[in-house]
Amino acid sequence: MILTDATAFIGLFLNAITKFDVIIKTMENGKLKQYLDQAWSMLEANEHDAPNHPILSTNDPDEIRKSLDHSLPLKEDGFGNVLKAFKRQVLPYINRNTDPRFGAYITGSGNRMAAIAEFIKAFYNQNGLKWNNSPICSELEQLVIKWVSEFIHLPDHNKGVLTSGGSMSNLMVLHFAIAAKFPKREMTGFYGNKPLTVYCSNQTHSSIDRAMVFLGLGRDHLRKIDVVGDYRIDVSKLRETIEKDLASGFQPLAIVGNAGTTNTGSIDPLNDLADLAAEYNLWYHVDGAYGLPAIRVPSYEHFFRGVERADSVIINPHKWMYVPFEASCVLLKNIPKAIHYSPDYLFTENADERWESSEHTIELSKEFRALKIWFTMKYYGADKLTHFVEHDILMTSYLADHIGVLNKIVIDPHYPLSILCFRYEDPDLNSAENDNINIKMIRLIESRGNVFITGTRLKGRIHLRVYFGNPERKKEDVDRLVEEIRQVNAQVLLE
Ligand SMILES: Cc1ncc(COP(=O)(O)O)c(C=O)c1O
């Protein structure tokens with residue numbers, strides 16, 4: 001019996017030696033260069049062809065699913081075949097987010113310098129889960145956080161973490177607010193305590209609603225305060241609501257101010273909010289995910305006064321700093337630990353000297369996100385990035401001037417930054433009929449695929465909404481957008 005086992009073991013061992021007696025290399029350097037050249041040729045050809053194609057995939061989900069090969073690849077394949085499959089199954093459905101005709105949601109254009117950084121990042125496959133696992137990942141993260149804080153004129157908010165996006169950053173910020181104001185809750189949770197309430201305007205991004213859910217605070221405890229005419233929070237209503245909550249046994253936690261709302265780019269009276277937060281001893285957070293880069297434009301700086309008084313600020317380099325997705329910064333003057341627990345397997349020496357990012361955020365494994373921000377800021381520099389932002393603002397005014405002259409197109413006049421909302425409005429039709437026309441226009445624009453813009457609801461009425469965040473946009477691109485709106489409107493009215 002023992003003999004049989006030993007023979008079997010030796011057999012296995014010999015088998016393993018012969019099987020693994022080859023040095024495995026995922027790819028030879030020569031091949032890598034060759035494949036990169038091939039990939040670039042494909043991208044270049046595709047870019048060259050771009051003006052003749054829709055800028056977004058107009059296929060329905062079933063078409064896309066059917067074109068994908070769903071069988072698990074069992075055997076290795078040559079790069080040529082992989083590239084062919086990519087060209088057939090994936091590339092046709094890639095939206096051209098980098099195209100100046102793309103004006104949907106808040107989709108930044110990214111930039112090519114950072115695309116190089118993304119390749120390098122993946123090449124070295126750094127993981128910043130601990131300082132010693134990639135010292136430069138931690139150090140560069142802190143450096144770009146400092147640069148971004150200086151970029152938006154908040155040099156004191158030079159501590160923080162990079163996250164995947166504004167939603168994750170807002171979640172972390174509300175967590176920090178709890179950690180700072182009610183540190184015991186790290187161990188006790190919320191049981192038996194007064195419900196915590198958070199205050200923001202009804203124009204605040206839904207990531208705050210989502211944070212309320214994911215942190216267990218409950219959406220019932222998010223107080224969405226009305227706005228006044230220009231979509232800025234009504235500060236006297238905010239005060240009344242806080243007072244009412246205090247009298248009714250709630251525990252106010254935080255005020256969230258907007259430095260550029262998603263709907264219209266409006267900026268709350270940030271100083272007034274800072275005053276209220278100080279008066280009621282609340283955490284003060286400013287969501288500048290989109291709008292904060294405009295603080296660098298001299299004529300816009302005054303809009304943002306008071307942001308420097310915030311406990312926390314977020315900004316998304318992947319929006320108006322032209323960094324490719326995903327890149328968001330949480331910025332604070334003092335950064336508390338997100339959690340005071342570290343397992344044995346993450347123990348390291350010299351803990352005080354080393355910046356451990358994972359102690360300040362939910363993420364443990366962490367990509368080298370800082371690299372693309374570093375490349376972008378180094379290559380373009382703050383002045384040029386500011387120039388890009390100014391250019392987007394100018395193009396937005398240009399759009400407003402030209403779209404406003406179309407028949408029965410009414411512009412929402414509050415567009416401080418690079419978002420413009422407008423709607424078709426026929427005085428002879430009722431609101432619902434007008435809404436219906438605007439909805440049809442939004443649908444038709446998407447299905448034609450010549451430009452991509454989306455819609456929203458302002459003061460209860462459907463609007464078309466354009467976001468500009470691409471320095472390569474020219475006046476002719478805006479003219480084409482205006483012409484597309486005119487044609488789409490005419491077609492919908494004919495139906
Ligand atoms: C003001 C604001 N905050 C937060 C977010 C959420 O950012 P993300 O989409 O990166 O999660 C957005 C997204 O548009 C936003 O405009």
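Residues are numbered from 1 along each chain as its sequence is written. Because the model is predicted, local features need pLDDT of at least 70 and side-chain atom pairs count only at pLDDT 80 or more, while totals for chains, interfaces and linings use all residues.

Let's start with the whole protein. Its C-alpha trace spans about 95 × 60 × 45 Å along the principal axes. The secondary structure comes to 15 helices and 11 strands, where helices (H or I, at least four residues) and strands (E, at least two) are DSSP runs numbered from the N terminus. Of the 495 residues, 38% are buried; that means 20 or more other C-beta atoms within 10 Å of the residue's own, against 12 or fewer for exposed and in between for partly exposed, with C-beta atoms placed from the backbone. Among contacts (C-beta atoms, placed from the backbone, within 7 Å) with a separation of 6 or more, 74% join residues 24 or more positions apart.

Four strands form an open sheet in the order 8-9-11-10, with antiparallel pairing; strands pair if DSSP finds at least two bridges between them. Strand 8 (409-411) and strand 10 (454-458) are the edges, and each has a single partner strand, so one side of each lacks a neighbour in the sheet. From one strand to the next, the twist averages 40°. Strand 9 (residues 419-424) and strand 11 (residues 461-467) are joined by four bridges in the antiparallel sense, and F422 stands opposite L464 in strand 11.

Two helices accompany these strands. Helix 13 (residues 370-403) lies across strand 8, strand 9 and strand 11, at about 15° to strand 9. Helix 14 (residues 431-448) packs on the sheet and touches strand 9, strand 10 and strand 11, making about 30° with the direction of strand 11. Axes here are lines fitted to C-alpha atoms, for helices over the stretch in contact, and angles run from 0 to 180 degrees between N-to-C directions.

Helix 14 also packs with helix 15 (residues 475-494), at an angle of about 120° and with axes 9 Å apart. In helix 14, I437, K440, M441, L444 and I445 meet E484, V488, N489, Q491 and V492 in helix 15.

Finally, look at K224, in strand 3 (residues 222-225). K224 counts as partly exposed because it has 17 C-beta neighbours inside 10 Å. Leaving aside residues up to four places away in sequence, K224 touches C200, S201, N202 and T204.
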